[in-house]
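Reader: I'm new to reading protein models and would like to go through this one step by step. Please show me the sequence and the structure before my questions.

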Amino acid sequence: MTAPDQTESVSHGVEAQYRQALDDGRFLIQQCAGCDRAVFYPRMLCPHCGADKLSWITPDGRGAVYSTTVVRRKPDAGGDYNVALIDLQEGVRLMSRVEGVAPDAVRIGMGVRAQVVQQDGRGLVVFVPNKEAP
Ligand SMILES: [Zn+2]
C-alpha cells in the first residue's frame with residue numbers, strides 16, 4: 001500500500017481521484033455520458049457539452065506522438081529527457097514523456113502506449129514505443 005502522506009497541494013475531487021488511481025497503478029480518463037466523448041484532464045463538467053455526467057474509463061492506452069521536445073539536463077541531474085504531447089486513441093491529448101528510446105529519437109506520429117510508473121512515491125503516466133503499431 002502506498003500511503004498518501006504527501007500533501008504538497010490540497011487536491012480534491014476528480015483530480016484527487018485521478019491521482020489516487022495513478023498511485024494505484026491505474027491510468028484513467030473520463031468519458032461523458034452526454035456526448036460520449038473522452039475527457040482529459042479530469043474535471044467536473046464536460047468541456048464539449050457541459051454535462052456533469054462524467055465517468056471514469058480505462059483508456060486503450062495506445063496513442064501517437066503529437067509533438068516532442070528534448071529537455072537538456074546535466075548528466076548528474078539525470079540527463080536529457082523527453083517531453084511529448086500524446087494523442088490517445090480516445091481523442092484526448094496529454095503531456096507526458098516517451099521512455100525506452102533516446103529522448104531525441106522520439107518522432108512525431110510515432111505509435112506509443114501508456115504505462116504507469118512510480119516516481120517519488122507517486123504514480124505517473126509515461127509512454128513507450130508501441131512495437132505492435134501497424
Ligand atoms: Zn459531453
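**Strands, helix and loops**

Reader: Which residue in E5 stands opposite Thr69?

Author: Thr69 has its counterpart in E5, a strand (a DSSP run of E, at least two residues, numbered from the N terminus; helices are H or I runs of at least four). A word on labels: residues are numbered from 1 along each chain as its sequence is written. This is a predicted model, in which local features need pLDDT of at least 70 and side-chain atom pairs count only at pLDDT 80 or more, while totals for chains, interfaces and linings use all residues. With that said, the residue opposite Thr69 is Val83.

Reader: Over how many bridges do strands E4 and E5 pair?

Author: Two strands count as paired if DSSP finds at least two bridges between them. Strand E4 (residues 62–71) and strand E5 (residues 81–88) run antiparallel, and their bridges number 8.

Reader: Which residues make up the uncovered face of E5?

Author: In a regular strand, side chains alternate between the two faces of the sheet. In E5 the covered face holds Asn82, Ala84, Ile86 and Leu88. The uncovered face has Tyr81, Val83, Leu85 and Asp87.

Reader: How many residues lie between E5 and E6 in their hairpin?

Author: E5 and E6 are antiparallel partners over 4 bridges, and Ala84 stands opposite Ser96 in E6. In the turn, Gly91 has a positive phi of about 100°. The number of residues between the two strands is 4.

Reader: What is the average twist from one strand to the next?

Author: The strands lie in an open sheet of 5, in the order E6-E5-E4-E7-E8, with antiparallel pairing. Its edges are strand E6 (93–96) and strand E8 (122–129), each pairing on one side only. From one strand to the next, the twist averages 35°.

Reader: What angle does the direction of helix H1 make with that of E8?

Author: Helix H1 (residues 13–23) packs on the sheet and touches strand E7 (111–119) and E8; a contact here has C-beta atoms, placed from the backbone, within 7 Å. Axes are lines fitted to C-alpha atoms, for helices over the stretch in contact, and angles between N-to-C directions run from 0 to 180 degrees. For H1 and E8 the angle is about 70°.

Reader: Is Asp36 buried or exposed?

Author: Asp36 is in the loop between strand E1 (29–32) and E2, and has a positive phi of about 70° although it is not a glycine. A residue is buried if 20 or more other C-beta atoms (placed from the backbone) lie within 10 Å of its own, exposed if 12 or fewer, and partly exposed in between. Because it has 10 C-beta neighbours inside 10 Å, Asp36 counts as exposed.

Reader: Over which residues does pLDDT stay under 50?

Author: pLDDT is the predictor's confidence in each residue, from 0 to 100. The protein's mean is 91, and 89% of its residues reach 70 or more. One stretch, with 3 contacts beyond four places in sequence, stays under 50: residues 4–11.

Technical notes
Two residues are in contact if their C-beta atoms, placed from the backbone, lie within 7 Å.
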